[in-house]
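Let's take a guided walk through a structure together. Have a look at it first, and then we will go through it piece by piece.

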Amino acid sequence: MGRPRDPELAGLYQAMERYIDGDARAYARVHATLGRRLRGFLLRILSDREIVEDLLQVTFLKAHLARDRFTLQGGDPDGAVQAWYFAIARNAAMDHLRREYRKSRREVKHGAPDGDDLDPMAKIADQGPTVEELGLDRERELEIVERVQAAIARLPEGQREVVELHKLQGMSMAEVAERLDLREGAVRVRAHRAYKALARWLVPSIFAIFWSAP
Amino acid sequence: MTQPRLDVDALIQGDLARSQRARRRHFLPALLLTLLVCGGLLAITGVRGDLLDQPPWQLLLQISLWLLCFLIFPAIGLGLIFPSRSARVLLAVGGVLATVAAAIGQPGIHDLEGLRRHLEGEHGLGCGVVLLAAGGVILAIGVLSGAFVQRRRPAAVYWITAGVTLAALNTVTWHCPATGLAHVLPGHLGGALVLLALASVIALVAHVRGQEA
């Protein structure tokens, strides 16, 4: 019941292992396989081609510096390499967006005239969230969604299927069991293990996000 | 972004090339020391009298095994060359078969006088002891040169321990003129198996410690 494997990615894990061990030709293979896909992925987040090219370079550089930390997760080794690179690309894009957001916020601050009495809008009490706060909230939400998605992707295939059908598609345990041709008890065990693992991976990071929030 | 873009590809390729050069710098002194150990041991214990009288295929096989143990196996284990999976399987299987064939030799061809003198303890050393002593010293060179921590996968250490074992076994093969199974099987190949097992354990421990450090 697993996802069909992408034939273009065949042998990518082997190439990654050799690249980690220092094989320059294997790096070229990884780059050739993932470069176009990563560019397309980044273009879906950012529209500026120049920035996307820069972020693509950043992605490969960050991956190179962190290559010793690459570990195989899940039952699809080639897909795991791609997922790892995509996670780095996504983080690079998010970092870029955050930087741009802060930069534009600073520019707005510096551009405003000194003293509230010059700004008639400043006299109006506003109990609701400001645009900045809304932006930060949205950023935080996106980060949580990404973390949850990444954590689900880390689960073993059997557990991931159960979580996706039960939590994301809203099926009951009995329906999931029928769909996967398993006993309901087995589905419950998988779900229990999956949620336990997700809790272990996610709780500290979400806590950290809220803790670090201003 | 008007600044000229960094060529990250070239940077990464350069970094990989630099790490290869660093590995070679570690490997070459270790190789020289290993050559000295094997050569020195053969000089001390003596080269078999019938070395050049062996059948040409056997001598050729032994020379190929010297190349395998000194260059090819360590280079794979250290990550200096990256043969494909099929080439690695071929090398491993071929290496084992060639080792057995080179050690046992052609049945019925013996330098009987040399063998009698050897087995009577001409040098006062058993083949197994020579093998383990040579293997121990070469293994120590490997551990001290950091050979077992160069690659991330633990499987890589087996290529180096195979090289260590083969170097020790070849030393004994060029020292002892025996080709009969009754002596070669326990004394040479048996000793090599013991050395391989011990070396693998020590190398794996060195690998794990090196990766943790």
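At what angle do helix α6 (residues 157-168) of chain A and helix α7 (residues 173-180) of chain A pack, and how far apart are their axes? In this predicted model, the angle is about 135° and the axes are 9 Å apart. Axes here are lines fitted to C-alpha atoms, for helices over the stretch in contact, and angles run from 0 to 180 degrees between N-to-C directions. Helices (H or I, at least four residues) are DSSP runs, numbered from the N terminus.

α6(A) and α7(A) are therefore oblique to each other: angles under 35 degrees count as roughly parallel, over 145 as roughly antiparallel, 65 to 115 as roughly perpendicular and the rest as oblique. The crossing of α6(A) with α7(A) is right-handed, meaning that the near helix is turned clockwise from the far one by less than a right angle.

From α6(A), the residues A:Glu161, A:Val162, A:Leu165 and A:His166 meet A:Met173, A:Val176, A:Arg179 and A:Leu180 of α7(A). Two residues are in contact if their C-beta atoms, placed from the backbone, lie within 7 Å. Sorted by class, this contact has 5 nonpolar, 1 polar and 2 charged residues. Ala, Val, Leu, Ile, Met, Phe, Trp, Tyr, Cys and Pro count as nonpolar, Asp, Glu, Lys and Arg as charged, and the others, Gly among them, as polar.

## Where the chains touch

Now for the two chains together. Chain A puts 19 residues into the contact and chain B puts in 17 residues. On the side of chain A, the elements giving two or more residues are α1 (12-20), α2 (24-45) and α3 (49-65). The most come from α3(A), with 8 residues. By class, that side of chain A has 7 nonpolar, 4 polar and 8 charged residues.

The complex gets an ipTM of 0.72 and a pTM of 0.64 from the predictor. Its confidence in each residue is the pLDDT, from 0 to 100. Chain B averages 86, with 88% of the residues scoring at least 70. Chain A averages 78, and 78% of the residues score at least 70. Among the elements of chain A, helix α8 (residues 184-212) has the lowest mean pLDDT (70) and α2(A) the highest (93).

## Reading notes

Residues are numbered from 1 along each chain as its sequence is written, while chains are lettered from A and ligands numbered from 1 in the order in which they are written. As this is a predicted model, local features need pLDDT of at least 70, side-chain atom pairs count only at pLDDT 80 or more, and totals for chains, interfaces and linings use all residues.

Notes
pLDDT = per-residue confidence, 0-100.
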